Amino acid sequence: METDSSLPQQLPSECCIAGGGPAGMMLGFLLARAGIDVLVLEKHADFLRDFRGDTVHPSTLETMHELGLLEEFLKRPHQEISQVRAQIGAEPTLLGNMSYLRTRCRFMVLMPQWDFLNFLAEQGRRYPTFHLRMQAEVTGLIEENGKVVGIRGKTPGGSIEVRADLVIGADGRNSLVRDRAGLTVESIGASMDSLQVRLSKHATDPNLFVYSDRGKTMVTIDRGDYWHCGFAVPKGTAEKMQARGIEGFRESIVELAPFLRDRVKELRDWNDVKLLTVSSDRLREWYRPGLVCIGDAAHAMSPVGGVGINLAIQDAVASANILAAPLRQGAVSVDHLAKIQRRRSFPTRLTQRMQGVIQKQVWRGLGKSEPTRPLWLLRQLERTTLPCRMRTRFIAVGFRPEHVKTPNAFPVQAGH
Ligand SMILES: Cc1cc2nc3c(=O)[nH]c(=O)nc-3n(C[C@H](O)[C@H](O)[C@H](O)COP(=O)(O)OP(=O)(O)OC[C@H]3O[C@@H](n4cnc5c(N)ncnc54)[C@H](O)[C@@H]3O)c2cc1C
């Protein structure tokens, strides 16, 4: 039979997920494991994009444990960090100490996000109901009688149409899905952006996470043989900085972390520096009949605390818990979608508020030339373990941690 190649390829699915980031991949995995036919569409050809978050927190490790995947996951190259140290002005500060936690893993894992997503993809492929299409970009929604009933997309092989009982928008902070669905975005505002660079790492380097002094703040993530650095700049000032030349930026890095002096020349020009714009927002309503958004598509997270990936995973676990049974019965209602928002809205708001408070502190300091010295009261408080315990709990576990309640529909096939 001849097929008309100008017609879009039709792909039926019980659930179609737009976006293969942490939220989309984890939800795809969980639903497929529960026996739901799920199709994840990811616009890129691979997960290999640099400058994505790397911090896998104890909350996500707990999820891995509940899924029986923790051991396998920890076989991947990674680093385990139980104490997060910073240099704030002249004061060495313990930002987080995971040994205070009661979680299975009392450490966080640093793993490049592409390794994390590849791991989820590999685990998903063990289930016959898991389908992942790379280079499949969602371009629009299909609607009938006010209900979303599928998506339109494009692939190198031509256009596609997916009809699905439910569409999930997990396509990140610039979500096309939420835009096309007409969902209202409430901007919370982010006062800074981040200049991202990589600099080689030497065995004798100090192992600190944050350097902050004289109005400058930089986060350094250990990637084995290099440092992935995020340098905070007040929003909208990156261009001014660029106009001052790369030498000025190199000097700013050295002022914060003098041990990098012998290698800042690795930044040959501004092409070696990537500007990442930080945004913070959330949807007023996360859903419409036939569609729900999760992760950054529902609430764009700033990098403060490195919580965004982990919150996205928590969204995925909660969504799977709520949706697996009605999806199996073909009976997903708007009430189920509203329940996801009710469940996840509180931790999202609280986390964004905490990020806002920290961001404001950083922002107030940005551009000041005098040495940073925390207030006397704060310094006294830091002598107790209370602030550190509170920060650790907020960052490593978050508010309202989720637990996997979805069944494994293929226990023998999946090997556990
Ligand atoms: C500078 C910066 C640094 C950060 N650092 C950290 C950190 O260290 N730790 C941390 O936990 N969080 C960090 N965050 C936040 C974190 O990146 C996000 O909160 C998290 O990635 C959200 O996951 P997600 O799956 O919802 O969205 P995303 O990770 O954005 O994934 C969305 C996916 O959808 C795909 N996509 C987009 N549009 C389409 C389309 N039309 N069709 C198909 N696919 C599409 C994208 O390619 C992407 O793979 C950082 C954020 C910023 C801005």
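This note reviews the ligand site, the aromatic pairs and several individual residues of the structure above.

1. Basis of the note. The model is predicted, so that local features need pLDDT of at least 70 and side-chain atom pairs count only at pLDDT 80 or more, while totals for chains, interfaces and linings use all residues. Residues are numbered from 1 along each chain as its sequence is written, and side-chain values use heavy atoms, with hydrogens and water left out.

2. Elements that form the shell. Helices (H or I, at least four residues) and strands (E, at least two) are DSSP runs numbered from the N terminus.

3. The side chain of His-44 has an N or O atom 3.0 Å from an oxygen atom of the ligand. The protein covers 91% of the 1,000 Å² of accessible area that the ligand has on its own, with areas from the Shrake-Rupley method and a 1.4 Å probe. A polar contact is a pair of N or O atoms within 3.5 Å; within protein, one must be able to donate a hydrogen and the other to accept it, and residues adjacent in sequence count only if both atoms are side-chain atoms.

4. Aromatic pairs. The whole structure holds nine aromatic pairs. Rings of Phe, Tyr and Trp (its six-membered ring) pair if their centres lie within 6.5 Å, and planes under 30 degrees apart count as stacked, over 60 as edge-to-face and the rest as tilted. Trp-227 and Phe-259 are edge-to-face, at 6.5 Å centre to centre and 70° between the planes. Trp-227 is in strand β16 (residues 226–234) and Phe-259 in the loop between α7 (246–256) and β17 (274–277), so this pair ties together parts that are 32 residues apart in sequence. Phe-249 and Trp-270 are stacked, at 5.4 Å centre to centre and 25° between the planes. That pair links helix α7, which holds Phe-249, to Trp-270 in the loop between α7 and β17, 21 residues away.

5. Buried means under 20% relative accessible area, exposed over 50%, and partly exposed in between (1.4 Å probe, protein chains only). The charged end of Lys-201 sits over the ring of Trp-227, 5.6 Å from its centre. Arg-389 lies over the face of Tyr-100, at 4.2 Å from the ring centre. For such a placement, NZ of Lys or CZ of Arg is within 6 Å of the ring centre and within 35 degrees of the ring normal.

6. Helix α2. Is helix α2 (residues 58–66) largely enclosed or largely open? Seven of its nine residues are buried, so the helix is largely enclosed by the rest of the structure. Pro-58, Leu-61 and Glu-62 are among the buried residues of α2. Gly-68, which follows α2, has a positive phi near 75°.

7. Gln-135 has a positive phi near 55° and lies in the loop between β8 (130–133) and β9. Asn-145, with a positive phi near 50°, lies in the loop between β9 and β10 (147–155). Gln-135 is partly exposed, at 39% relative accessible area, whereas Asn-145 is exposed, at 83%.

8. Two further side chains. Arg-198 lies in strand β13 (residues 192–200), is partly exposed at 41%, and makes a side-chain polar contact with the side chain of Tyr-226 at 3.4 Å. Asn-408, in the segment after α11 (386–397), is buried at 17%, and its side chain reaches the backbone nitrogen of Phe-410 at 2.9 Å. Phe-410 also belongs to one aromatic cluster with Phe-29 and Tyr-127.
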